[in-house]
Amino acid sequence: MPHMVISYAKPLEGKVDIKKLARAVWEAAEKSGLFTPDAIKSRALPVEHFVTGGTDQLFVHVEARMFGGRTEEQKKMLTKSLFDMVSGLVESDVAVSVEVIDMDKETYIKS
């Protein structure tokens with residue numbers, strides 16, 4: 001844990017190296033010091049059909065899904081780090097958002 005889930009507008013594939021984006025998100029999570037490196041998972045999922053603010057504005061949204069237990073300050077630091085990193089990899093007209101989501105350890109299963 002955690003899962004760094006990156007949703008992005010599919011047309012960005014011609015403008016941004018998505019593999020580099022996924023790696024950069026992983027690195028930002030690792031640099032936060034909140035997780036062990038082998039526990040971090042980063043994946044990027046293209047969104048083919050979308051409307052952003054009533055327009056076709058391109059976007060990147062990162063969900064940092066993790067078990068609870070981090071302080072609000074730790075979560076804010078992670079959010080800002082991810083936001084700054086993603087913003088630095090995309091053009092200024094791309095909408096960027098980041099959300100930290102606490103997961104319930106009792107209802108999570110993996111193999």
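**Burial, contacts and core in a predicted model**

Colleague: Why is Ser 32 called buried?
Modeller: Ser 32 has a relative accessible area of 13%. Buried means under 20%, so Ser 32 is buried. The model is a predicted one, and the values discussed here are computed from it.

Colleague: Where is Ser 32 found, and which residues is Ser 32 in contact with, leaving aside its neighbours within four places in sequence?
Modeller: Ser 32 belongs to the loop between H1 and strand E2 (41-47). With those neighbours left aside, Ser 32 is in contact with Met 77 and Leu 78. The C-alpha atom of Ser 32 is also separated by 9.7 Å from that of Lys 75, and these two residues are 43 residues apart along the chain.

Colleague: What makes Ser 92 count as exposed?
Modeller: The relative accessibility of Ser 92 is 78%. Exposed means over 50%, and Ser 92 therefore counts as exposed. Ser 92 is found in the loop between H2 and E4. Between the C-alpha atoms of Ser 92 and Lys 80, twelve residues apart along the chain, the separation is 16 Å.

Colleague: Thr 52 and Glu 48 have their places in which loop?
Modeller: The loop between E2 and E3 holds Thr 52, and the loop between E2 and E3 is also the place of Glu 48.

Colleague: How do you know whether Thr 52 is buried or exposed?
Modeller: Thr 52 has a relative accessible area of 18%. The cut-off for buried is under 20%, so Thr 52 is buried. Not counting residues up to four places away in sequence, Thr 52 touches Gln 57, Phe 59 and Ala 95.

Colleague: And how do you know whether Glu 48 is buried or exposed?
Modeller: For Glu 48 the relative accessible area is 54%. As exposed means over 50%, Glu 48 is therefore exposed.

Colleague: Which residues have the most contacts inside the largest nonpolar core?
Modeller: They are Met 4, Val 60 and Leu 82, in a core of 30 residues. Two or more residues each come from strand E1 (3-9), helix H1 (18-31), strand E3 (59-67), helix H2 (72-89) and strand E4 (95-103). H1 gives the most, with seven residues. In soluble globular proteins, nonpolar side chains tend to be buried together.

Colleague: What is Val 60 in contact with, leaving aside its neighbours within four places in sequence?
Modeller: The contacts of Val 60 include Ile 6, Tyr 8, Leu 12, Leu 21, Val 86, Val 90, Val 94 and Val 96.

Colleague: Which pattern does the protein follow along the sequence?
Modeller: The pattern is β-α-β-β-α-β, with two helices and four strands in the protein. Among contacts between residues at least 6 apart in sequence, 80% join residues at least 24 apart.

Colleague: How do you know that the radius of gyration agrees with that of a compact globule?
Modeller: With 111 residues, a compact globule would have a radius of gyration near 13 Å, and the protein has 14 Å, so the value agrees. The C-alpha trace spans about 40 × 25 × 25 Å along its principal axes.

Colleague: How many of the side chains are positive and how many negative?
Modeller: There are 15 positive and 17 negative side chains, and the centres of the two sets lie 5 Å apart. The accessible surface of the protein is about 6,700 Å², and 51% of that belongs to carbon and sulfur atoms. Buried residues make up 39% of the 111 residues.

Methods: Residues are numbered from 1 along each chain as its sequence is written. This is a predicted model: local features need pLDDT of at least 70, side-chain atom pairs count only at pLDDT 80 or more; totals for chains, interfaces and linings use all residues. Side-chain values use heavy atoms; hydrogens and water are left out. A nonpolar core is a set of buried Ala, Val, Leu, Ile, Met, Phe, Trp, Tyr and Cys residues joined through side-chain atoms within 4.5 Å. Buried means under 20% relative accessible area, exposed over 50%, partly exposed in between (1.4 Å probe, protein chains only). Contact means heavy atoms within 4.5 Å. The radius of gyration is taken over C-alpha atoms; the globule rule is 2.2 Å times the number of residues to the power 0.38. Accessible areas come from the Shrake-Rupley method with a 1.4 Å probe; for residues, only the protein chains shown count as cover. Lys and Arg count as positive and Asp and Glu as negative; His and the chain ends are not counted. The place of a charge is taken as NZ of Lys, CZ of Arg, CG of Asp or CD of Glu.
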